[in-house]
Amino acid sequence: MIETINSSSQAIALEDKHGAHNYHPLPVVLSRGEGVFLWDVEGKKYYDFLSAYSAVNQGHCHPRIKDALIEQASTLTLTSRAFYNDVLGPFEKYITEYFGFDKVLPMNTGAEGVETALKIARKWGYERKGVDENQAVIVVAENNFHGRTSTIISFSSDNNARKNFGPYTPGFVKIPYDDISALQNALVDRNVVAFLVEPIQGEAGVYTPAEDFIRKSAEVCKAKNVLFIADEIQTGIARTGSLLAVCGNCTCEGHCEKQDTYTKPDMLILGKAISGGFYPVSAVLADNHIMEVIKPGQHGSTFGGNPLGAKVAIAALEVVRDEKLAQNARKLGKIFRERMQILVEKYSILKLVRGKGLLNAVVVNDSPDSSTAWDMCVSLKDNGLLAKPTHGNIIRFAPPLVMTEEQLHDCCDIIEKVVKEFEK
Ligand SMILES: *Cc1c(COP(=O)(O)O)cnc(C)c1O
């Protein structure tokens, strides 16, 4: 029998008993979402300040993406890639023009997108750069987050994510984040085929590198014939106040290649918000000279490129452009950090605020082992705002990008109230 949920405690008890304990959620059970708002099973309304880790940049249940999903779900959902379908081609044309690459390889989850990029980079290294078989090295940054597969956790710095999941996939070298000379040193090794990096480290606690880190990284890679791979699964699709974080400070909604701001990666990995929160879609974009190393049978996924996901992704990208979400994220992000900066200066419980666009974090002035940030998030929840701590004492604030200025001020008032409570 399928139980009907009547209370939060009932739903939590069910998950506790029947689900694997691979997450530690805040004690709130959500049953409805619309735009920037979520409602729990008791009917309490919340501002969402996580956006499903930036997967719902367009806001919850966006009507335009919902219509696209329903229409395609009533027509054709999955054929596998054994046959062509009439949505994949138009999606591939749309997304490659949107981001300015020759080709796309569609997958489903972010981790699959990263795996795809790693495989392409290695193959490119052997076939185009002339690296000896099985010697390819991929450089990554310390404190990275690129997903949860066996290979990806092999190069994680997070002991909890790694421990007892070995043996680990070899062929990765870690360097400090935001360290160009460390990158230069690492690329002395001729076997290096790629540098994989997040333009802002989201999961690590929204670490924003130096302004020129991305541009310089790409230059260093180019000089050494090494692929520069940007993992924009969390930072991409307007989150940081431009279409992509690699766009620098360009605010336009489309692909423009403005020379002084845009850094074109050799491979771009997208996920999360390309789904609009409806249906998992990820994608790797690259130009022909790279993507052409993949031949039939060498990589794929039963669901990758299915018509349902393709239709959803087109609608999700259209919303970002038509509703000017990058501009809104940039404008609101500035206001948010200004308001948080006032709190940082006024209350000793907050250490600092950092971020870009609407991907921000506040560092709580207490040990990462303390429960302060968690307790603050519980109090924020009680006051109608949902956010989640990361790495103990960091709270990430990332609302849907469809938020209004008035709503944002309302949210900042809630945060201020809670900070005051904790100041004592
Ligand atoms: C979330 C995330 C991933 C993994 O995406 P999944 O869909 O959870 O597999 C990879 N890289 C970055 C930067 C992410 O934020």
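The count of disulfides here comes to 0, a disulfide being a pair of cysteine sulfur atoms within 2.5 Å. This is a predicted model, in which local features need pLDDT of at least 70, side-chain atom pairs count only at pLDDT 80 or more, and totals for chains, interfaces and linings use all residues. Residues are numbered from 1 along each chain as its sequence is written, and side-chain values use heavy atoms, with hydrogens and water left out.

- Cys 377 is in no disulfide; the nearest cysteine sulfur belongs to Cys 411, 14 Å away.
- Cys 377 is buried, with a relative accessible area of 0%; buried means under 20% relative accessible area (1.4 Å probe, protein chains only).
- Cys 411 is in no disulfide either, and its nearest cysteine sulfur, that of Cys 412, is 6.9 Å away.
- Cys 411 is also buried, at a relative accessible area of 0%.

**Ligand site**

- The residues around the ligand include Thr 109, Ala 111, Phe 145, His 146, Glu 198, Asp 231, Gln 234 and Lys 272; each has a heavy atom within 4 Å of the ligand.
- This shell divides into 3 nonpolar, 5 polar and 3 charged residues. Here Ala, Val, Leu, Ile, Met, Phe, Trp, Tyr, Cys and Pro count as nonpolar, Asp, Glu, Lys and Arg as charged, and the others, Gly among them, as polar.
- A ligand nitrogen lies 2.7 Å from an N or O atom in the Asp 231 side chain.
- A polar backbone atom of Ala 111 is 2.8 Å from an oxygen atom of the ligand.
- Gln 234 has a polar side-chain atom 2.8 Å from a ligand oxygen.
- On its own the ligand has 380 Å² of accessible area, and the protein covers 81% of it (Shrake-Rupley method, 1.4 Å probe).

**Open sheet**

- The order β1-β2-β3-β13 describes an open sheet of 4 strands with mixed pairing. Strands are DSSP runs (E, at least two residues), numbered from the N terminus, and two strands pair if DSSP finds at least two bridges between them.
- β1 (30-34) and β13 (385-386) stand at the edges with a single partner strand each, so one side of each has no neighbour in the sheet.
- β3 (residues 45-48) runs parallel to β13, joined by 2 bridges. Tyr 47 stands opposite Leu 385 in β13.

**Around β9**

- In β9 (residues 267-270), Met 267 and Ile 269 point one way, Leu 268 and Leu 270 the other; all are buried.
- β8 (residues 227-231) pairs with β9 in the parallel sense over 3 bridges, and Ala 230 stands opposite Leu 268.
- β10 (residues 282-286) runs antiparallel to β9, with 4 bridges. Ile 269 faces Val 284 there, standing opposite it.

Definitions and conventions
Polar contact = N/O pair within 3.5 Å; in protein donor to acceptor, adjacent residues only side chain to side chain. Buried < 20%, exposed > 50% of the residue type's maximum accessible area, 1.4 Å probe, protein only.
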